Amino acid sequence: MKQIKTLAFYLPQYHPIPENDEWWGKGFTEWTNVGKAKPLFEGHEQPICPADLGYYDLRVPEVREQQAQMARDYGVHGFIYYHYWFGNGVQLLERIAKEVLESGKPDFPFCFCWANETWSGIWHGLKDKVLAEQIYSDEDLEAHFKYLLPFFKDPRYIKVDNKPVLIVYDPIHIQEKAPEYLEKFTSLAKENGFDGLYLIASNKTEDSHGYQKLGYQAKISNAFMRAWRPHMNKKPYISAKEYYTNRIKGILGFKTTDFKKPVDIQNAPDVVNDLHFDETDVDTFPCVLPNWDNTPRSGTRGIILGNNSPELFEKQIEKASAFLKDKNYPEKFLVVKSWNEWAEGNILEPDRKHGFGYLEALKKGLSKGE
């Protein structure tokens, strides 16, 4: 029986690049939003601060080695690096993967998730501004594959039956804009000594779309989103102090505050309780979220997973492991979103409140499924 292999999404935006300097100011990295975050209401835990690894710079090789060792120690099999190829050779944040490839370090499995979406500034204060547009072209396709080929050939690159794993963030977008793109990609893989590509549709899109006919071999489940939706648009969070102060003002004839929803807050115990994974028409890999609070990026447009804990994350791992237990897949991947998306409050890395709590929950949950 194949063992479960945990893969964690990995964000490379922890070093300055000229484009971010231009758009957001000199020296901008993911830490910029993390460090300036403020609580939006009483009891809102912001900013979230990193613990053991600190506010790291991914250009430092020792940091990448520490991350890999930490991941390995707690049951993560490999990282899923976000890969940004916008078309016509335009890339962003490619430096880290390049250095990992050229240095051969860390000696830790990895694959790519092609984040094939347009970068817009709408969520970050630059309304209607397109920062980098995702396009597809036949002329660009071969250059894209040529860029990826050295990674695919690397012994650390994750493969299934001699097929490099490639996760596509938005499979619907590429199907609508360039339906033959991935078919040609697969042909190029075969021409270069592989048995094709093991294409995985990400958790962004619905599980019921029908991915086999689009050429995918697997789907990352979006069950967490399905469990999340019924708990959206709950009443706005108002602290008891705010509520009674407002009532007293009204009784005394003073102007009261018009309490508008500061942010959507979902109750994590309810979401995790409702979480269940269903098979699709391809291999289906469960996806779990340790935590979520993207208000550092999106302010009051953000969403918070409230009343969360490492214990609830462990419960997710147990559900995911149980789902995979009897599956006859060539590999049993359990996907964690994410290793280090700090500005979305979506992390496995240790923070100052929980320490290694979520990593320990992962290790403990996986051990129960063995």
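Is Tyr81 buried or exposed, and at what relative accessibility? With a relative accessibility of 8%, Tyr81 counts as buried. Please keep in mind that this is a predicted model. Here are some points to follow with the structure open.

1. **A pair of tyrosines.** There are 40 aromatic pairs in the structure. In one of them, the ring centres of Tyr10 and Tyr81 are 4.9 Å apart and the planes stand at 80 degrees, so this pair is edge-to-face. The cut-off behind that word is an angle over 60 degrees. Tyr10 belongs to strand S1 (residues 4–10) and Tyr81 to strand S2 (residues 76–87), so you will find distant parts of the chain linked here, 71 residues apart. Tyr10 is buried, at a relative accessible area of 1%.

2. **A pair of phenylalanines.** Now look for Phe152 and Phe194. Their ring centres lie 6.4 Å apart with the planes at 90 degrees, which means the pair is edge-to-face. Phe152 sits in helix H5 (residues 138–153), while Phe194 is in the loop between helix H7 (181–191) and strand S8 (198–201), so the pair ties together parts 42 residues apart in sequence. Both Phe152 and Phe194 are buried.

3. **Lysines over rings.** Two other rings are worth a visit. The charged end of Lys327 is placed over the ring of Phe323, 4.1 Å from its centre. Lys363 lies over the face of Tyr74, with 5.5 Å to the ring centre.

4. **A salt bridge within a helix.** The structure has 21 salt bridges. One of them joins Lys98 to Glu102, with the closest N and O atoms 3.0 Å apart. Both residues are in helix H4 (residues 95–103), 4 residues apart, which is about one turn of the helix. Lys98 is partly exposed at 42% relative accessible area, and Glu102 is exposed at 57%.

5. **A salt bridge between loops.** Arg229 and Glu206 form another salt bridge, the closest N and O atoms being 2.6 Å apart. Arg229 is in the loop between helix H8 (223–228) and helix H9 (240–251), and Glu206 is in the loop between S8 and strand S9 (218–220), 23 residues apart. Arg229 is partly exposed, at 39%, and Glu206 is partly exposed too, at 36%.

6. Arg297 and Glu344 meet in a salt bridge of 3.0 Å, N to O. Arg297 lies in helix H11 (residues 295–298) and Glu344 in the loop between strand S15 (340–341) and strand S16 (346–347), so parts 47 residues apart in sequence are tied together. Both residues, Arg297 and Glu344, are buried.

Note on methods. Residues are numbered from 1 along each chain as its sequence is written. This is a predicted model: local features need pLDDT of at least 70, side-chain atom pairs count only at pLDDT 80 or more; totals for chains, interfaces and linings use all residues. Side-chain values use heavy atoms; hydrogens and water are left out. Rings of Phe, Tyr and Trp (its six-membered ring) pair if their centres lie within 6.5 Å; planes under 30 degrees apart count as stacked, over 60 as edge-to-face and the rest as tilted. Helices (H or I, at least four residues) and strands (E, at least two) are DSSP runs, numbered from the N terminus. Buried means under 20% relative accessible area, exposed over 50%, partly exposed in between (1.4 Å probe, protein chains only). A charge sits over a ring if NZ of Lys or CZ of Arg is within 6 Å of the ring centre and within 35 degrees of the ring normal. A salt bridge is a side-chain nitrogen of Lys or Arg within 4 Å of a carboxyl oxygen of Asp or Glu.
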